[in-house]
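Here are a few notes from going through this one. Have a look at the fold yourself before reading on.

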Amino acid sequence: MKVAVLGAGAIGAYVGAALHRAGADVHLIARGPHLAAMRRYGVRVRSPRGDFTAHPHATDDPAEVGPADYVFLGLKAHSYAACGPLIEPLLHTTTAVVAAQNGIPWWYFHRHGGPYDGRRLESVDPDGAVSAVLAPERAVGCVVYAATELEQPGVVRHVEGTRFSLGEPDRSVSPRCRALSEAMRAGGLKCPVEPDLRNDIWLKLLGNISFNPISALARATMRQMCLHGGTRRVIETMMAETLTVAGALGCEVGVSIERRLAGAEKVGDHRTSTLQDLERGKPLELDVLLAAVVELAEITGVPVPTLRTVHALSDLLALRSAA
């Protein structure tokens, strides 16, 4: 099995190191000091489950890697439309693209069935620019429950969680999903193949849609947001509105808001990926989290006043931080 990790940051390098440890032919595509460190020292994983180091091939040139069986996409969703020159050398006729993104994916309504089948969401696939680069037929959905941080170049701090749920847009349990699941489990990760990954997408989104923008607006950690009474109530309302939209699309999360908050509080003083991006001056990945759900609310006729308010504030923050 040949796996190319395009955008081998904290999550991508962690997955690549695990797959390499399991015997897969792994190629990490990165740049800058992080790439230099991985080339010299390997990927050094620091984890409460045990530290380890892996030495997969690392490069900044996808053409050096060539076509792979799987491309694990570790890029931020706002980079997808422009990634054509990077991903094209990695593709052959049956290459699967595994997008480890938060929020609503560009393929969400691909082979969805029902009245929305094939519908394109402008917030995540503006003018079809993402679908033109990443054909929905190649997509394997991936919902990441692991929390990692790039502690320093080449060093991944694994905070908690090892689950990476996989699923096909058409809800089949495909051979390509099963094969990747087996390889990831052999590398020490939890990797179930879900018959309907969209339920998992909404479960993960329940936290991301609320904690990520609020953490950036308030510069707060998971624990701080949960313990502050006013912020906790805002998050509860955002989660409730999100569950209503999910229900209108036929999805069931199966976890109560209180349980989701309790789980977040246990994570402690972890900074969300959005807060990390803000602190590092990187673009904020909010369209797939907030704008997409507001668009879905419009499609389904669900009122989401709190989501709209937080979206307006966080969108302004994103624009100002990019200026």
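**Notes on a strand and a cavity**

1. Bear in mind that this is a predicted model. I'd begin with the pairing of A99, which stands opposite G141 in strand β8. That contact belongs to the parallel pairing of β7 (residues 96-99) with β8, which runs over three bridges.

2. On to the other partner: β8 is joined by four bridges to β11 (residues 164-167), and here the strands run antiparallel. In this pairing C142 stands opposite L166 of β11.

3. How enclosed is β8 (residues 139-144)? Six of its six residues are buried, so the strand is largely enclosed by the rest of the structure. Both faces are covered, with A139, G141 and V143 buried on one side and V140, C142 and V144 buried on the other.

4. Searching the whole structure turns up one cavity of 30 Å³ or more, and the largest cavity has a volume of about 90 Å³. Its lining includes A99, G141 and C142 from the pairings above, plus V143, and also Q101, N102, G103, P105 and W107.

5. Helix α7 (197-218) comes in here too: β8 and α7 each supply at least two residues of that lining. L197, I201 and K204 are among the lining residues. By class, the lining has seven nonpolar, four polar and one charged residues.

6. On annotation, the unreviewed UniProt entry places a "Ketopantoate reductase C-terminal" domain at residues 196-314. Over that stretch the chain is 76% helix and 0% strand, with the end C-alpha atoms 30 Å apart.

Note on methods: Residues are numbered from 1 along each chain as its sequence is written. This is a predicted model: local features need pLDDT of at least 70, side-chain atom pairs count only at pLDDT 80 or more; totals for chains, interfaces and linings use all residues. Side-chain values use heavy atoms; hydrogens and water are left out. UniProt positions are given in the numbering used here, feature names are shortened, and annotations may be inferred rather than shown by experiment. Buried means under 20% relative accessible area, exposed over 50%, partly exposed in between (1.4 Å probe, protein chains only). Two strands pair if DSSP finds at least two bridges between them. On a 1 Å grid over the protein atoms alone, a cavity is a set of points where a 1.4 Å probe fits but cannot get out, and a pocket is an open set with protein on both sides within 12 Å along at least five of seven lines; lining residues have an atom within 4 Å of a point. Grid points are joined across faces, edges and corners, and a volume is the space filled by probe spheres set on the points. Ala, Val, Leu, Ile, Met, Phe, Trp, Tyr, Cys and Pro count as nonpolar, Asp, Glu, Lys and Arg as charged, and the others, Gly among them, as polar.
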